[in-house]
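Here are a few friendly notes to read alongside the structure.

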Amino acid sequence: MVVFSDPSEIYSTPSDKSLIEGDNATFLCNATGNPEPIISWVKHDSQTVLHQGERFSIKNISRQQDGRYKCSAWNNVAQPAIANFNITVYCKYSLV
């Protein structure tokens, strides 16, 4: 029996979002590959994995979560496939 390996490929990428503080957001990142890739979510200025899986949700978003993020799909066959996206968080109230 011959087993074929295919590198990870992202076919559904997360979109940039503009949100207001306190909003909830869900992002989707789908990938294919053999073996099945693991999808990880990180903020660009950190190596900390925020979540693993196709869906990444943030509840009650804050200004500190504003920034550039990426989802990566990896299955040990080749380099990870990466999709970048931005989250812009606006202040709920502004002083006039």
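1. Start with who touches whom. Among contacts in the protein with a separation of 6 or more, 59% join residues 24 or more positions apart. Keep in mind that this is a predicted model.

2. Next, look at the elements. Along the principal axes, the C-alpha atoms fill a box of roughly 70 × 20 × 15 Å.

3. How much is buried? Of the 96 residues, 31% count as buried. The accessible surface comes to about 6,500 Å², and carbon and sulfur atoms hold 49% of that.

4. Now find the largest nonpolar core, which has 19 residues. The members that touch the most others are Ile10, Phe27, Ile39, Trp41, Cys71 and Ile87. Two or more core residues come from each of β3 (25–28), β5 (38–43), β7 (55–58), β8 (67–74) and β9 (81–90). The largest share, 5 residues, is from β9. In soluble globular proteins, nonpolar side chains tend to be buried together.

5. Leaving aside residues up to four places away in sequence, Ile10 touches Cys29, Asn30, Ala31, Cys71, Ala73, Ala81, Ile82 and Ala83.

6. Finally, the charges. The protein has 8 positive and 9 negative charges, and their mean positions are 9 Å apart.

Definitions and conventions: Residues numbered from 1 in each chain as written. Predicted model: local features only at pLDDT ≥ 70, side-chain atom pairs only at ≥ 80, totals over all residues. Heavy atoms only, no water. Buried < 20%, exposed > 50% of the residue type's maximum accessible area, 1.4 Å probe, protein only. Contact = heavy atoms within 4.5 Å. Areas by Shrake-Rupley, 256 points an atom, 1.4 Å probe, with all protein chains shown as cover. Lys, Arg positive; Asp, Glu negative; His and termini not counted. Charge placed at Lys NZ, Arg CZ, Asp CG, Glu CD. Core = buried A, V, L, I, M, F, W, Y, C linked by side-chain atoms within 4.5 Å. Helix = DSSP H or I, 4+ residues; strand = E, 2+ residues; numbered from the N terminus.
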